[in-house]
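Student: Hi! I'm new to this one, could you walk me through it?
Tutor: Happy to, let's have a look together.
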Amino acid sequence: MYSLFVAKNNTAFRVMITSQFVNNLGSNFFNIVFLVYAATLPNKTLSVTLVAFTEILPTLFSIIVGNFADKTKHHLRSWSIARLSQSIIFLIITVILIFFDGQFWSFLILLLLVFVSSVVGSYSNLLMKPVSRFILSDSDLQEAMSLEQTVSVAVNLIGGFSGVALLGILHQNYAGFSLINAGMFVIAWSIMALNHRQFLEAEQHIEAETKPNTNTSIFSDLKSTFIYVYKDHLFFQILLLATAINFVGTSFNGVFNLTLLHNKSLLIGNFGTTVAIFGAISSIGLLTGSLITNDFFKKLTTKQLIGISGIGIVLIAAVPLFYPNGVLWMLIIFLFSYIEAKINPKLGAILMKRIDRNRLAGVSGLIDTFVMSATPLGQIIFLGTANIYSPNISWFFMGFVASLITIYTILTRQQDMELVEKTRESAIL
């Protein structure tokens, strides 16, 4: 639970994480409710598909947004403008929902506004990367990243239920819900604005130390960022492995749901109950893994954790293939989620320590785009296989790819970045 002590003892980080929680809760609220709204429209199948696409698309623009964040002067002032801009966007959404509710052309405008809000939100988050680097010591970075992940998982866990419940209280008043959402962005902004003095030193340091090059084109900047990451071959290798795991892992839910429809022996009660239970188990595993930082897995490197995650995917895939048992599946998914929760904080801490502050937002955006780019490809392959042939064939291929990832981590163990650097440090001492 050391990650909680980081927030308790570091006022600036505590303020930032609280603001982030309120902001993420508002975003998560509306994502769920917007999906419900899309399902009420005449072209509901197309509308729901467009909402799902709009949720993924902003992440693919992270590399461009990160580049703009790196070139931004006055990070905190720009962050403040970005957060207030999100609130204004949702006020516009509220007006559209009041006067043009239920029309497909207005829904397309809403999609565009939600997309713009998500991009602006990504920009504001990337602006805070250099600030986080300044207010956190090297020894606290991993625990801080774990707490940020805990907030994200907790928001996902409670946001959906809370959003739908609040919508029910409002009697399906989508405009009223959008207005509440605008208010949550204002609250998130207020938390930071009222505690601005906690970040004055960080702001002065960033403005003095970072020298953004505003004369270069975006394409040359993107190329430069990619070359910068690629030259660090051991770090780039970890990035590729994380992308490969994401390529397999993002198809879990879809193939899992199809498996339950085909294999009744895995059901616990009915279909809906089983999906809810397994979702809760996965979230609890992620939460537990994020909060408990001082365990056996703390000693392992990021590459070793990715290899173990590969084994976890193989075991998850093996259950419906060889021994269909819901309780066993639940246990393996919990353990996999617990281990999975260890990877992102480690990777985030490495990124913070390793990357030059002038490039921190740009590289963070590159990683987000790189890792998430595998999502649509993985879903097309694995979900397509499950729908055209059978979920079991899809599980077989997922297990096969995961086993290749694990084998690769074993064969290249001598190229483990963290072990190599630890050996160098020992040799110097």
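Tutor: Keep in mind that this is a predicted model.

Student: Okay, and which residues line the largest cavity?
Tutor: The lining is made up of Gln142, Ser146, Gly289, Thr293, Asp295, Lys298, Ala341, Lys342 and Pro345.

Student: Which elements give two or more residues to that lining?
Tutor: Those are α8, spanning 141-169, and α16, spanning 326-354. The largest share comes from α16, with three residues.

Student: How much space lies in the largest cavity?
Tutor: About 50 Å³.

Student: And how many cavities of 30 Å³ or more are there?
Tutor: The count comes to four.

Student: Which helix gives the most to the nonpolar patch?
Tutor: That's helix α19, residues 391-411, which contributes seven residues.

Student: Let me pick one residue, then. Where is phenylalanine 400?
Tutor: Phenylalanine 400 sits in helix α19, and Phe400 is also one of the residues that make the nonpolar patch.

Student: Why does phenylalanine 400 count as partly exposed?
Tutor: Because its relative accessibility is 44%, and partly exposed covers what lies between buried, under 20%, and exposed, over 50%.

Student: Great, thanks, that helps!
Tutor: Any time!

Terms used. Residues are numbered from 1 along each chain as its sequence is written. This is a predicted model: local features need pLDDT of at least 70, side-chain atom pairs count only at pLDDT 80 or more; totals for chains, interfaces and linings use all residues. Side-chain values use heavy atoms; hydrogens and water are left out. On a 1 Å grid over the protein atoms alone, a cavity is a set of points where a 1.4 Å probe fits but cannot get out, and a pocket is an open set with protein on both sides within 12 Å along at least five of seven lines; lining residues have an atom within 4 Å of a point. Grid points are joined across faces, edges and corners, and a volume is the space filled by probe spheres set on the points. Helices (H or I, at least four residues) and strands (E, at least two) are DSSP runs, numbered from the N terminus. Patches are made of residues with over 30% relative accessible area and no salt bridge: like charges are joined within 9 Å, nonpolar side chains (Val, Leu, Ile, Met, Phe, Trp, Tyr) within 5 Å. Accessible areas come from the Shrake-Rupley method with a 1.4 Å probe; for residues, only the protein chains shown count as cover. A salt bridge is a side-chain nitrogen of Lys or Arg within 4 Å of a carboxyl oxygen of Asp or Glu. Buried means under 20% relative accessible area, exposed over 50%, partly exposed in between (1.4 Å probe, protein chains only).
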